[in-house]
Amino acid sequence: MKIFIDTADIKEIQEANRIGILDGVTTNPSLIAKTGRDFDSVAKEILAEVKGPVSLEVISLDTGGMLKEARVLAKLGENVVVKLPMTVDGLKACKALTAEGVKTNVTLIFSPSQALLAAKAGATYVSPFVGRFDDISEDGMGLVEQIVQIYGNYGYQSEVIVASIRNPMHFVKACLMGADVSTIPFSVIQQLSKHPLTDVGIERFLKDWEKVPKK
Ligand code: E4P
């Protein structure tokens, strides 16, 4: 299981990197907007910090515009992954960029058929959004399970990024289902390391240590 961080906040990225568990980064226009900074400086800063795949999203809605943006983004670094929306125009752009050797992440996937088409278009990654699907009373992790099974049935190479993760159970289920990547907000990465019994255990050990006679 690869762990990506889902943020554009450089401090969070640096902290996750220091823990030593970070394999890559995903961003989107909302996450860039949250930084309050311009796209170029944020993207360059992230690329300087992280060696693994960094997803940067296009804004255009037409294939021509997406390709134009994607070619500029791809020049920012070898580890750039161009994030494309799951639309017919996005699929066309995905096909063309794959032929050019540019890595792609087809985003905003909410159905197994969308994931299948993205794989056929050569997507390097596909991103089903589990949290947002749960929000409308659908089964986010059920969607991931179906995509993993379909890719297995036909041998598609696209990697499944479980996105819009909201809690540790999304991550654990993604691991059990054999998804390739989880992209996780920093707050949930922190939760993954915690267990109340670990804290109680440490406290008890330290208390008992006080009883050990000191020389
Ligand atoms: C994935 O690439 C997206 O950036 C992200 O996971 C969206 O998550 P959200 O639903 O919490 O905004």
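**A friendly note on a predicted structure**

1. Let us start with one residue. Leaving aside residues up to four places away in sequence, Ile5 touches Glu12, Ile13, Ala16, Leu22, Gly24, Val25, Thr26, Thr183, Ile184, Phe186 and Ile189; a contact means heavy atoms within 4.5 Å.

2. A word on the model. It is predicted, so local features need pLDDT of at least 70 and side-chain atom pairs count only at pLDDT 80 or more, while totals for chains, interfaces and linings use all residues. Residues are numbered from 1 along each chain as its sequence is written, and side-chain values use heavy atoms, with hydrogens and water left out.

3. Now the overall picture. The protein contains eleven helices and eight strands, where helices (H or I, at least four residues) and strands (E, at least two) are DSSP runs numbered from the N terminus. Its C-alpha trace spans about 75 × 40 × 30 Å along the principal axes. Of the contacts in the protein with a separation of 6 or more, 54% are between residues 24 or more positions apart.

4. Among the 215 residues, 45% count as buried. Here buried means under 20% relative accessible area, exposed means over 50%, and partly exposed lies in between (1.4 Å probe, protein chains only).

5. Which residues have the most contacts inside the largest nonpolar core? They are Ile5, Ile46, Val82, Leu84, Ile109 and Val162, in a core of 56 residues. Helix α8 (residues 140-154) gives the most to this core, with five residues. There is also a second, separate core of five residues, including Phe4, Val81, Tyr125 and Val181. A nonpolar core is a set of buried Ala, Val, Leu, Ile, Met, Phe, Trp, Tyr and Cys residues joined through side-chain atoms within 4.5 Å. In soluble globular proteins, nonpolar side chains tend to be buried together.

6. Some nonpolar residues are on the outside. Met169, Val172 and Leu176 form a nonpolar surface patch, with about 310 Å² of accessible area together. Patches are made of residues with over 30% relative accessible area and no salt bridge, joining like charges within 9 Å and nonpolar side chains (Val, Leu, Ile, Met, Phe, Trp, Tyr) within 5 Å. Val172 lies in helix α9 (residues 168-177) and counts as partly exposed because its relative accessibility is 35%.

7. Next come the charged pairs. The count comes to eight salt bridges, a salt bridge being a side-chain nitrogen of Lys or Arg within 4 Å of a carboxyl oxygen of Asp or Glu. One of them joins Glu159 and Lys2, whose closest N and O atoms are 2.7 Å apart. This pair links distant parts of the chain, with Glu159 in strand β7 (residues 159-162) and Lys2 in strand β1 (residues 2-6), 157 residues apart. Glu159 is buried, at 19% relative accessibility, whereas Lys2 is partly exposed, at 32%.

8. Two further pairs are worth a look. Asp135 and Arg166 meet through their side chains in a salt bridge (2.9 Å, N to O). This pair too links distant parts of the chain: Asp135 is in helix α7 (residues 130-135) and Arg166 in the loop between β7 and α9, 31 residues apart. Asp135 is exposed, at 52% relative accessible area, and Arg166 is partly exposed, at 40%. Arg37 and Glu45 also form a salt bridge, at 2.7 Å from N to O; Arg37 is partly exposed at 37%, and Glu45 is partly exposed at 32%.

9. Is Cys94 buried or exposed? Cys94 counts as buried because its relative accessibility is 0%, while Cys175 is partly exposed at 34%. A search of the whole structure finds zero disulfides, a disulfide being a pair of cysteine sulfur atoms within 2.5 Å.

10. Thr63 is in helix α4 (residues 63-74), is buried at 14% relative accessibility, and touches Asp89, Lys92 and Ala93, not counting residues up to four places away in sequence. Pro185 sits in the loop between β8 (181-184) and α10 (186-192) and is partly exposed, at 22% relative accessible area. With residues up to four places away left out, Pro185 touches Asp6 and Ile165. The C-alpha atoms of Pro185 and Ser164 are separated by 8.3 Å, with the two residues 21 apart along the chain.

How values were computed
Accessible areas come from the Shrake-Rupley method with a 1.4 Å probe; for residues, only the protein chains shown count as cover.
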